[in-house]
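Colleague: I would like to learn how to read a few features of a structure. Please give the general idea before each case.

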Amino acid sequence: MTEQVPLVVVDAANVVGSVPDGWWRDRLGAARRLRDALVQDAAGGLAAGGGVPEWAESGPLEVVLVVEGKARALTGVPGVEVVGTPGSGDDEIVRVVADALRETPGRHCAVVTADRELRTRITTLGATPVGPRAVHRS
């Protein structure tokens with residue numbers, strides 16, 4: 001049996017909002033830049049340290065970027081799936097994690113967010129929370 005590729009789900013609104021670089025002037029553009037930077041993480045792993053589990057420090061990783069609001073117009077690229085939601089991004093992240101872990105129990109799964117409530121929700125499901133600094137930013 002082949003081992004399942006680890007899953008990393010990224011809370012786009014939270015990660016983009018963690019850097020005060022004017023993202024609020026162009027939410028779609030900020031989400032696009034994050035998506036493009038995540039291609040590196042999908043291939044090579046997340047940045048080491050800061051609570052990133054060892055299994056996530058090298059690739060390949062399956063990366064899912066959850067976007068909401070104006071960023072929903074964003075589409076995926078090779079290496080990064082984009083899931084747009086008209087409702088709560090947090091609820092969609094929980095759904096993505098729950099579905100993945102139900103489909104493949106024991107699969108390594110991390111969620112990139114600093115949102116305390118979301119971190120609690122996904123930990124209950126068996127996922128590992130990591131902070132926004134875990135992703136490489138271009």
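Modeller: Start with axes: they are lines fitted to C-alpha atoms, for helices over the stretch in contact, and angles run from 0 to 180 degrees between N-to-C directions. Helices (H or I, at least four residues) and strands (E, at least two) are DSSP runs, numbered from the N terminus. This is a predicted model, in which local features need pLDDT of at least 70 and side-chain atom pairs count only at pLDDT 80 or more, while totals for chains, interfaces and linings use all residues. Residues are numbered from 1 along each chain as its sequence is written, and side-chain values use heavy atoms, with hydrogens and water left out.

Colleague: At what angle do the axes of helix 3 and helix 4 cross?

Modeller: At roughly 10°, and the axes of helix 3 (residues 89–103) and helix 4 (residues 116–125) come within 10 Å. Helix 3 is therefore roughly parallel to helix 4; angles under 35 degrees count as roughly parallel, over 145 as roughly antiparallel, 65 to 115 as roughly perpendicular and the rest as oblique.

Colleague: Which residues make the contact between helix 3 and helix 4?

Modeller: Contact means heavy atoms within 4.5 Å. Helix 3 contributes Asp-90, Asp-91, Ile-93, Val-94, Val-97, Ala-98 and Leu-101, and helix 4 contributes Leu-118, Arg-121, Ile-122 and Leu-125. These divide into 8 nonpolar, no polar and 3 charged residues. Here Ala, Val, Leu, Ile, Met, Phe, Trp, Tyr, Cys and Pro count as nonpolar, Asp, Glu, Lys and Arg as charged, and the others, Gly among them, as polar.

Colleague: What is found at the N-terminal end of helix 4, and what follows the helix?

Modeller: For the first part you need the polar contact: a pair of N or O atoms within 3.5 Å; within protein, one must be able to donate a hydrogen and the other to accept it, and residues adjacent in sequence count only if both atoms are side-chain atoms. Asp-115 caps the N-terminal end, with a side-chain oxygen 3.0 Å from the backbone nitrogen of Glu-117. Gly-126 follows helix 4, and its phi is positive, near 110°. In space, Gly-126 is 9.3 Å from Pro-105, C-alpha to C-alpha, although 21 residues separate them in sequence.

Colleague: Is Pro-105 buried or exposed?

Modeller: Buried means under 20% relative accessible area, exposed over 50%, partly exposed in between (1.4 Å probe, protein chains only). Pro-105 has a relative accessible area of 65%, so it is exposed. Its place is in the loop between helix 3 and strand 4 (109–112).

Colleague: And why does Glu-92 count as buried?

Modeller: Because its relative accessibility is 14%. Glu-92 is found in helix 3 and, leaving aside neighbours within four places in sequence, is in contact with Val-66, Val-83 and Thr-85. Its side chain also joins that of Arg-95 in a polar contact of 2.5 Å.

Colleague: Where is Thr-85 found, and which residues does it touch?

Modeller: Thr-85 is found in strand 3 (residues 80–85). Not counting residues up to four places away in sequence, Thr-85 touches Val-66, Val-67, Glu-68, Gly-69, Arg-72 and Glu-92. Thr-85 has a relative accessible area of 7%, so it is buried. A polar atom of its side chain lies 3.3 Å from the backbone nitrogen of Gly-87.

Colleague: Which peptide bond is cis?

Modeller: The one from Gly-59 to Pro-60, with omega near 0°. Pro-60 lies in the loop between helix 2 (27–44) and strand 2 (62–68).
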